[in-house]
Amino acid sequence: MSTKSTSTPSPNPLAALSGKRWNSLRNILERNGPFYKSDFVPSKDNLEFLQTISKILVIGAGGLGCELLKDLALMGFRDIHVIDMDTIELSNLNRQFLFRRKDIGLSKAECAAKFINERIPTSHVTPYFSKIQDFDEDFYRQFHIIVCGLDSIVARRWINGMLLSLLVYSDDGNIEPYSIIPFVDGGTEGFKGNARVILPGYTACIECTLDLFPPQVNYPLCTIANTPRLPEHCIEYVKIIQWDKENPYGTALDGDDPAHITWVYERALERANQYNIVGVTYRLVQGVIKHIIPAVASTNAIIAAACATEVFKFATSCYDNMCNYMNFNDLDGIYTYTYEAEKSENCLACSNVPQKVCIDDPNTTTLEDLIKLLCESPRFQMKNPAITAVIAGKIKTLYMSTIKSIEEHTRSNLTMSLGELGLQDAHMLQVSDQTSPNTISLCLKYNINEVDMA
């Protein structure tokens, strides 16, 4: 007796594109309605573009990123890429639903992509287990839309600068539309969140509204060392003082290394017990070291849904996009509103003009004072600036800490005044920092000149 194979052929993912699964999208994209854009043309091509041509990049595969990947895949986007440099930890599993206990220690991007690809066959997610800084302009230029679910202000500022650097200007100074990559950004802070849309070069960018981000909490060193009162004081003591003193692993403290976190947790708990302070937990140690604010799954889902909706609008042009910043708060009930964030004329990233740095007296202000100003000023908020300038016709590196040999060679400049270094009023400085992929031009402005003239 002859036998025939009864195995079911593997389904073709593209076959689902013509099935009933996308009827709800067809209702939106293939007919008119009262809220559509005036220039919207209903067509089957709209769905085809979304599913077969559009290329989306998701940055971050954590709490927001998992939700974004799920939403975009279920919306019909097929070609999705995701970048994340982190690995999965046990504490992630309560809200980052694409991961399981067996995934602990593995790449977030790779595990998230695998889960989506297996669960939603009409979508293909390509993962990158890397930092966003590892890729160049050509990589980012290939995407139609970029959406972020980051917990890092530095990373937001960096990708913001990258998208601005991709802009191409015509001879008359106008931005070429083809060079604009829409940028959708979401963020959460406990029961609060926000979503925003950015058209680089046209609308307010990340740097324009830098003061909207919550300030980083810093504790006085005297309190940390002598009179701790909070569990955070004990953790900061171990982080700032005890780690450098004992240097248990012979390296800098790494907030992503479980062994480092455990060591800090154990020492912080010992110090807390000495001062009868309660509340030191492993999770709190992670939060203090990595500046993480506890996440709430429901807030992540809402903000990700808002961001995914904006991506859908950009990809299909069926509705006007949000203009341009939405705040959400469900701490006491549910409250949300949208307003238009305005471009800043003094924006470091998108103003295209050198920004002034005002100095009271160049003869008493040292280079170290200038660097401190660039780091602590709400306007600049740099992390580790490297400064170069043209002095006496030659390009001179004034200070750079990221390369040991250069740091040792330029360290003596820190205690010299700006006048001693030969920096004049209106002198141009070129500053590079981890907050931007581009070198920033700053112009020194000496206020002492105004006093002398008076």
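An open sheet of five strands runs in the order S9-S13-S12-S10-S11, with mixed pairing. Strands here are DSSP runs of E with at least two residues, helices are runs of H or I with at least four, and both are numbered from the N terminus. Two strands pair if DSSP finds at least two bridges between them. The model is predicted: local features need pLDDT of at least 70, side-chain atom pairs count only at pLDDT 80 or more, and totals for chains, interfaces and linings use all residues. Residues are numbered from 1 along each chain as its sequence is written, and side-chain values use heavy atoms, with hydrogens and water left out.

- Contact means heavy atoms within 4.5 Å.
- Strand S10 (residues 386-391) pairs with strand S12 (residues 428-432) in the antiparallel sense, over four bridges.
- Alanine 389 has leucine 429 in S12 as its bridge partner.

- Strand S5 (residues 183-189) and S6 pair in the antiparallel sense over seven bridges.
- Threonine 188 stands opposite glycine 193 in S6.
- S5 and S6 form a hairpin with two residues between them. In the turn, glycine 190 has a positive phi of about 65°.
- S6 also pairs with S7 in the antiparallel sense, over five bridges. There, lysine 192 has asparagine 329 in S7 as its bridge partner.
- Strand S6 (residues 192-198) is mostly covered, with six of its seven residues buried. Buried means under 20% relative accessible area, exposed means over 50%, and partly exposed lies in between (1.4 Å probe, protein chains only).

**The largest nonpolar core**

- The largest nonpolar core holds 47 residues. Such a core is a set of buried Ala, Val, Leu, Ile, Met, Phe, Trp, Tyr and Cys residues joined through side-chain atoms within 4.5 Å.
- Val58, Leu69, Leu72, Phe77, Ile80, Val147 and Val311 touch the most other members.
- Helix H11 (residues 297-316) gives the largest share of this core, nine residues.
- Leaving aside neighbours within four places in sequence, valine 58 is in contact with Leu68, Leu69, Leu72, Ile80, His81, Val82, Ile83 and Val147.

**Glutamate 310**

- Glutamate 310 sits in helix H11. Glutamate 310 is buried, with a relative accessible area of 6%.
- Its side chain reaches the backbone nitrogen of methionine 322 at 2.9 Å.
- Leaving aside neighbours within four places in sequence, glutamate 310 is in contact with Val184, Val197, Asn321 and Met322.

**Aromatic pairs**

- The count comes to 14 aromatic pairs. Rings of Phe, Tyr and Trp (its six-membered ring) pair if their centres lie within 6.5 Å; planes under 30 degrees apart count as stacked, over 60 as edge-to-face and the rest as tilted.
- Phenylalanine 135 and phenylalanine 139 have ring centres 4.2 Å apart and planes at 25°, so the pair is stacked.
- Phenylalanine 135 is buried at 17% relative accessible area, and phenylalanine 139 is buried at 10%.
- Tyrosine 325 and tyrosine 339 have ring centres 5.3 Å apart and planes at 35°, so this pair is tilted.
- The tyrosine pair links distant parts of the chain: tyrosine 325 is in strand S7 (residues 325-329) and tyrosine 339 in strand S8 (residues 335-339), 14 residues apart.
- Tyrosine 325 is buried at 7% relative accessibility, whereas tyrosine 339 is partly exposed at 26%.
- Ring pairs also link Tyr128, Phe135, Phe139, Tyr140, Phe143 and Trp158 into a cluster.

**The whole chain**

- The chain has 14 helices and 13 strands.
- Along its principal axes, the C-alpha trace spans about 95 × 65 × 50 Å.
- Of the 454 residues in the chain, 45% are buried.
- Among contacts with a separation of 6 or more, 61% join residues 24 or more positions apart.

How values were computed:
A polar contact is a pair of N or O atoms within 3.5 Å; within protein, one must be able to donate a hydrogen and the other to accept it, and residues adjacent in sequence count only if both atoms are side-chain atoms.
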